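Here is a short briefing to read alongside the model. It takes the sheets, then the helices, then the pockets and the cavity, and ends with a few backbone details.

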Amino acid sequence: MYVLGIDIGSASSKVAILDESKTMVACAAVTGGAGTTGPVRVLEEVFSKSGLDWEDINRTIATGYGRIGFQKADKQISEITCHAKGVHHLLPSVQTIVDIGGQDVKAMSIANDGTVSRFAMNDKCAAGTGRFLEVMARVLETDVSKLGELAGQADSIVDVSNTCTVFAESEVISRLASGVKVCNIAAGIHKSVARRVAGLAVRVGIKPDVVLTGGVAQNRGIVNALSDELKQPIMVSPNCQITGALGAALIAYKEMVDIGKSCSGLDEI
């Protein structure tokens, strides 16, 4: 038995495949989310890694921003639920999840069984998201993957006070024109994102352990800045990009087990 979870975000697509022992057979993440070739490419990659094909998959669950448009899924489930399931499977001690996506930020408080007890979400503004960091990296003429390393070289933190991405971009350009060190501006950008994200997380209540998921979790500068803002150590989820896809696959696995039990009961009758 194989089950598949696919998380189609706004900026990237992720897939996880589990076998009958709930072991991850393969996972993959590619740039390109809803409305792009991302879902097709990530499936090609994960099938290539696993040696499997659609005919081998017994159940598929889609989550994320683009889940409704994915026609091969047996069911669509909210990314809030899937992230909680995925994180709880990997890190059972976690009670607070912060997920920074390409165009939104989510904060979740989860119970001991991995269910969501409270959540808050910002999907109306790019401030605090991966998109904000991409825009800032472009202004600083560096790759977004290098932004955290750049911030780590700072000897002071320059305040970036504007939360609006457009105004923050103008503010950063002004700082550059004034001769402020690029690394100090980068540190200020990370603090600005962390401040915005922390405000959302506080709304659900901060209970340790706290974990950061999403592609942005690979940025050490964000992890450190958020830890400073929340005054809490921040864990980074293993395979931090695919926790939503993993959660979807885990739910698909449970549903297949339940279907099997139901069928066994019918056979006995």
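Two strands count as paired if DSSP finds at least two bridges between them, and the elements themselves are DSSP runs numbered from the N terminus: helices are H or I over at least four residues, strands are E over at least two. This is a predicted model, in which local features need pLDDT of at least 70 and side-chain atom pairs count only at pLDDT 80 or more, while totals for chains, interfaces and linings use all residues. Residues are numbered from 1 along each chain as its sequence is written, and side-chain values use heavy atoms, with hydrogens and water left out.

**The sheet around β7**

- An open sheet of 5 strands has the order β8-β7-β6-β9-β10, with mixed pairing.
- Its edge strands are β8 (116-122) and β10 (234-236), each of which pairs on one side only.
- From one strand to the next, the twist averages 20°.
- β7 (residues 105-110) pairs with β8 in the antiparallel sense over 6 bridges; isoleucine 110 has valine 116 of β8 as its bridge partner, and lysine 106 has methionine 121 of β8.
- β7 and β8 form a hairpin with 5 residues between them, and glycine 114 in the turn has a positive phi of about 90°.

**Helices on that sheet**

- For the packing described here, contact means heavy atoms within 4.5 Å; axes are lines fitted to C-alpha atoms, for helices over the stretch in contact, and angles run from 0 to 180 degrees between N-to-C directions.
- Helix α2 (residues 79-90) packs on the sheet and touches β6 (96-100), β7, β8 and β9 (210-213), its direction making about 55° with that of β7.
- Helix α6 (residues 182-204) lies across β6, β7 and β8 and runs at about 150° to β8.
- The expected span of a helix is 1.5 Å times one less than its number of residues. The 23 residues of α6 should therefore span 33 Å, and its end C-alpha atoms are 34 Å apart, which agrees.
- Glycine 205 follows α6 and has a positive phi, near 95°.

**The sheet around β1**

- Another open sheet has 5 strands in the order β3-β2-β1-β4-β5, also with mixed pairing.
- β3 and β5 (75-76) stand at the edges with a single partner strand each, so one side of each has no neighbour in the sheet.
- β2 and β3 run antiparallel and are joined by 7 bridges; serine 13 stands opposite valine 30 in β3.
- Helix α1 (residues 38-50) packs on this sheet, touching β1, β2 and β3, and its direction makes about 150° with that of β3.

**Pockets and a cavity**

- On a 1 Å grid over the protein atoms alone, a cavity is a set of points where a 1.4 Å probe fits but cannot get out; a pocket is an open set with protein on both sides within 12 Å along at least five of seven lines; lining residues have an atom within 4 Å of a point.
- Grid points are joined across faces, edges and corners, and a volume is the space filled by probe spheres set on the points.
- The largest pocket has a volume of about 890 Å³. Its lining has 37 residues, with Ala11, Ser12, Gly101, Gly102 and Gly215 nearest its centre.
- Elements that each supply at least two residues to that lining include β1 (3-8), β2 (12-18), β3 (24-31), α3 (130-139) and α4 (147-151).
- The second largest pocket has a volume of about 280 Å³. Its lining includes Lys22, Lys85, His88 and Asp113, and α8 gives the most to it, with 7 residues.
- The structure holds 1 cavity of 30 Å³ or more. Residues lining the largest cavity include Phe132, Asn162 and Arg196, and α6 gives the most to this lining, with 3 residues.

**Backbone details**

- Most residues other than glycine have a negative phi, and most peptide bonds are trans.
- The peptide bond from proline 208 to aspartate 209 is cis, with omega near -5°; aspartate 209 is found in the loop between α6 and β9.
- Lysine 22, in the loop between β2 and β3, has a positive phi near 65°.
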